[in-house]
Amino acid sequence: MLKRLLLGGLAVAALGAVGFAIYAYKPALAPVTADQHAGFDPALVEQGRILASAGYCATCHTAEGGAPYAGNYPIATGFGTIYSTNLTPDMETGIGTWSQAAFRRAMHEGVDREGNHLFPAFPYNHFTKMTDADIDAVYAYIMTDVAPVKTEQKANELPFPLNLRVLQAGWKLLFVNFGAYQPDPAHSEAWNRGAYLAEGVTHCGACHTPRNALGAEDSSQVFAGAEIDRWIAPALTAANPSAVPWTAPEFKSYLAKGVTTYHGVAAGPMGPVVHDGVRALPEADLDALAVYLADIVGATPDDPAQSPVVLASLHNNLPDPQYRRAEGERLYATACAACHYNAAQIAQGRPDLGINSATNLDTPNNLIHVMLDGVSAPEGIAGVVMPGFRHALNDSEITAIAAYLRDKRAGKPAWPDLAATVADLRANGPVAH
Ligand code: HEC
Ligand code: HEC
Ligand code: HEC
């Protein structure tokens, strides 16, 4: 009896292996010549340019100081470093020999022209939701407007067996829901457009959704907030900890300009998402994204200007000079208050730091990063930049200012391990690219 069970088990396993092999096998697609991807309609090329921006393809496919789209940009994953590939139409080292069908297959299924499975550092789990028409537009743009560049592809730093591409087929089976976005009839057209963009080409979940032990986005915690390059990508759901509730206009301002009145700016890894990315989208698409985000965060139509926290912060002026007892308060007045002087700056879009997201999150990382390394010009308000204080303030001074802002301005419980986090982030930085 036992023997028969064992044999049966073996047979099932063998069938499973055969099934897996059939599933994992992807044929090579025939190469094309350069004139087979020429002569696209300029309107299609332009649509592709906008979508390629919205998907910030260039951010991941351009190495620091390298030619646009030429690849070799390092992406640190929990398993090792993966280098992006050359996406220029170079015939030897780029995707010049790729047909439109091969490009569609890569975006929809995460498979290269030769039939190899691609690693999910390439967010095909989101691009799979894009329509054929949108993918074809991106293809037309790359083949027409991106200059071909020859490169030498860097080898990924992945340990055996994780470097085996065929294993990616199993990963896909477990974690990826393939197929184009399906509109939800319970919601408006704008909501569905926003969801299509957020879940597809702009792949917000790649950073805002926590990942499981195998590096896959946890589908039971979509947009629940996650850590990326040692920054916190806050929850975009009802769990968002902002002092002032988000509204659709605040979301739109954040995505269109990277600046909001009541939540701060898009800094760190969120900077390129806005500035190289989604701000290229037409007005109606930004509105649609805002409608969708407002719904998932559970926004109310209330005017943030009337929010009790905002009204209270108007009285949060600079500490009385006679009363600067605590070190954090004194340092804040010296180093920060020249620019962040008081709550009345709401009118200038630089409100009290007590209502900034960085001081309200459960983890101090974003505040510490901003204090150490500042806010660069494209991330902030035009004309004003925030210098980094890496060399001006030592760890205990940064810690004291952060503790002051958290306690006296945000009015939230102290961050545990604050001093250790300051030391750690200064020494080890955000993962450098
Ligand atoms: C988060 C980083 C990231 C973003 C954003 C990104 N890619 Fe990639 N992409 C990668 C990585 C990494 C690879 C290599 C994967 C591998 O080697 O398995 C890759 C591979 C590819 C490939 C396969 C190329 C080949 O030669 O095998 C295509 C096609 C591609 N990306 C297209 C795009 C397009 C189009 C966009 C924008 C809509 C985009 N990618 C955005 C990281 C990214
Ligand atoms: C590459 C990683 C990454 C991607 C992709 C990304 N985000 Fe972010 N996001 C972050 C980080 C990190 C922050 C914190 C930035 C800061 O505090 O300055 C952030 C902050 C935000 C905030 C502010 C939240 C708050 O409460 O302050 C919003 C809103 C947001 N992102 C929306 C989006 C949307 C919408 C998308 C897709 C279009 C997106 N993000 C894609 C990393 C990312
Ligand atoms: C020279 C002017 C200047 C100084 C000094 C300065 N900041 Fe800033 N800070 C800015 C600008 C500009 C921004 C970008 C957003 C804006 O315009 O409000 C900013 C943004 C911030 C943010 C929001 C970041 C985000 O992701 O939303 C925080 C937090 C912050 N500053 C903290 C501080 C602290 C703490 C100090 C003192 C150690 C300080 N700043 C000193 C100009 C300054």
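Analyst: R113 is buried, with a relative accessible area of 13%; buried means under 20%, exposed over 50% and partly exposed in between, using a 1.4 Å probe and protein chains only. This is a predicted model, where local features need pLDDT of at least 70 and side-chain atom pairs count only at pLDDT 80 or more, while totals for chains, interfaces and linings use all residues. Residues are numbered from 1 along each chain as its sequence is written, chains are lettered from A and ligands numbered from 1 in the order in which they are written, and side-chain values use heavy atoms, with hydrogens and water left out.

User: What do the side chains of R113 and E114 form?

Analyst: They meet in a salt bridge, at 3.6 Å from N to O. A salt bridge here is a side-chain nitrogen of Lys or Arg within 4 Å of a carboxyl oxygen of Asp or Glu.

User: How many salt bridges does that rule give?

Analyst: The count is 16. Among them is E92 with K150, whose closest N and O atoms are 3.7 Å apart. That pair links distant parts of the chain, 58 residues apart: E92 is in the loop between β2 (80-83) and α4 (100-109), and K150 is in the loop between α6 (132-145) and α7 (167-175). Helices (H or I, at least four residues) and strands (E, at least two) are DSSP runs numbered from the N terminus.

User: Are E92 and K150 buried or exposed?

Analyst: E92 is exposed at 65% relative accessible area, and K150 is exposed at 51%.

User: And which residue does D407 pair with?

Analyst: D407 forms a salt bridge with K408, with 3.4 Å between the closest N and O atoms. D407 counts as partly exposed at 45%, while K408 is exposed at 52%. Elsewhere, salt bridges that share partners join D90, E92 and K150 into one network.

User: Switching to the metals. What coordinates the iron atom of ligand 2?

Analyst: H208 through NE2 and M270 through SD, at 2.0 to 2.3 Å. Donors are N, O and S atoms within 2.8 Å of the metal (3.2 Å for Na, K and Ca), and sites may look incomplete because water is not among the atoms. H208 sits in helix α9 (residues 205-208) and M270 in helix α11 (residues 270-277), 62 residues apart, so the pair links distant parts of the chain. Both H208 and M270 are buried.

User: What surrounds ligand 2?

Analyst: Its shell has 27 residues, and the closest are C204, C207, H208, M270 and S357; a residue is near if one of its heavy atoms lies within 4 Å. The shell divides into 20 nonpolar, seven polar and no charged residues.

User: Which side chain has a polar atom 3.4 Å from an oxygen atom of ligand 2?

Analyst: That is S242. An N or O atom in the W246 side chain is 3.1 Å from an oxygen atom of ligand 2.

User: Now ligand 3. What are the protein donors of its iron atom?

Analyst: H340 (NE2) and M386 (SD), lying 2.0 to 2.2 Å from the iron atom of ligand 3. H340 lies in the loop between α14 (327-335) and α15 (357-360), and M386 in the loop between α16 (365-373) and α17 (395-409), 46 residues apart. H340 counts as buried, at 15% relative accessibility.

User: Why is the arrangement around the iron atom of ligand 3 octahedral?

Analyst: Because its six donor atoms subtend angles of 87 to 178 degrees. Six donors count as octahedral if opposite donors are over 155 degrees apart and all others between 65 and 115.

Conventions:
A polar contact is a pair of N or O atoms within 3.5 Å; within protein, one must be able to donate a hydrogen and the other to accept it, and residues adjacent in sequence count only if both atoms are side-chain atoms. Ala, Val, Leu, Ile, Met, Phe, Trp, Tyr, Cys and Pro count as nonpolar, Asp, Glu, Lys and Arg as charged, and the others, Gly among them, as polar. Four donors count as tetrahedral if all angles lie between 85 and 135 degrees; four count as square planar and six as octahedral if opposite donors are over 155 degrees apart and all others between 65 and 115; anything else is irregular.
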